[in-house]
Amino acid sequence: MSDKKSTETNKGSVKSSSKKAASGKVIKPLRRASTVKSDSKTSNTKSNNRPNKLLGRLKKSDTQGAYTSVKNRRKAIFNKASGASSRGGFEDDKNRFRTIWAIALVILGLLIARAYYLQVANAQFYQDKGDELITSVRTQTSYRGMITDRNDLPLAVSAPLATVSFSPHDYAQEYYELKRVYAENPNQPQLQARMQKRLANMDLTRLAAAANIPVGELQKATAIDDDIDVTDDEAVKAALPSGAGSHYLPLLNKVTPEIAQSVSSLDFPGVYEKNFFQRYYPQPQPNSQLLGFMGQNANDSEGGYEGRAGIERQYEKTLAGDDGKVLVLKDAKQNSLREIKQLEPEIPGKDVALTIDSRL
């Protein structure tokens, strides 16, 4: 029935087209085959909707497997696994393991060789370098011999003296450092207690009483400011004493070692003691040209003295003796902490007796 209807419609369309041609109008010819095919396709799709969808999917998959463009081929190659294994074969793995082990053995050998060089072959050199950082050699000045007359009366004699000085800069630096440690460790009460005890021992009143000087002079020299932020390095650096007298303030000058010990035994930060021998001449007037005098030795790094004229110069080696050397432990500020051992013994000088009578 559907075929008859389609033929009738085709005939009607032909008749209508002939009539229009007769009237003088140009009409494009109809494509009968296409209309018939399209009609048949639409009818088939409507009647067989589900089977056509399945057939379309199958055809689409067949066309994709049969042909793809170059662009689509590249995407498929990179998106789809090729199926090849990413691992190499047994021989490749074995060579890789051998290479890694060889590199590891070479590095281990280099480390062993370096450790042998540092600790065995060149150990003494690095031991000396380490000792230079924490130790120093201090010279012990030998006692200079006396010059006497024929009756053993002293004409020239050396007396041991000491000078005690104070560095306000070092004191203030230590003070602010203890305050900083105290402020940065609020959760460590034991550490804070130790810092507080050390700060209490840094009371300038104790130092002033031992050195017999006004405490106000020490407070002015140190210029301690308790209101600064001790955790700020720039603020602390600006608060430290500077200028003349900031590193050297004499407390005791040329006193006996017993008097100097009363100050140095306080173990006060910034206090330093220097021991030396002072040459005295009990009878300088009548014997000055004969005995001569002492002068500073330009070749001595510590500023020692030597004979420059008279008997002092003529018998310099006999009177001077040999200075000793002591290895001392020092801190980061180059301060001597304690003596470790005696490197060279101290040899005191010998006395020189003259034939003159100092009473004449």
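In this predicted model, Ile311 sits in helix α14, which covers residues 310–314. Is Ile311 buried or exposed? With a relative accessibility of 8%, Ile311 counts as buried, because the cut-off for that label is under 20%.

Turning to the strands, an open sheet is built from 3 of them, with antiparallel pairing and the order β1-β8-β9. The edges are taken by β1 (135–140) and β9 (336–344); each has a single partner strand, so one side of each has no neighbour in the sheet. Going from one strand to the next, the twist averages 35 degrees. In general, strands of a sheet pair through backbone hydrogen bonds, in either a parallel or an antiparallel way.

What links β8 to β9? Strand β8, made up of residues 324–330, is joined to β9 by 6 bridges, and the two run antiparallel. Across this pairing, Lys325 stands opposite Glu344 of β9. A helix also packs on the sheet: α6 (residues 123–134) touches both β1 and β8. The direction of α6 makes about 80 degrees with that of β8.

Conventions:
Residues are numbered from 1 along each chain as its sequence is written. This is a predicted model: local features need pLDDT of at least 70, side-chain atom pairs count only at pLDDT 80 or more; totals for chains, interfaces and linings use all residues. Side-chain values use heavy atoms; hydrogens and water are left out. Helices (H or I, at least four residues) and strands (E, at least two) are DSSP runs, numbered from the N terminus. Buried means under 20% relative accessible area, exposed over 50%, partly exposed in between (1.4 Å probe, protein chains only). Two strands pair if DSSP finds at least two bridges between them. Axes are lines fitted to C-alpha atoms, for helices over the stretch in contact, and angles run from 0 to 180 degrees between N-to-C directions. Contact means heavy atoms within 4.5 Å.
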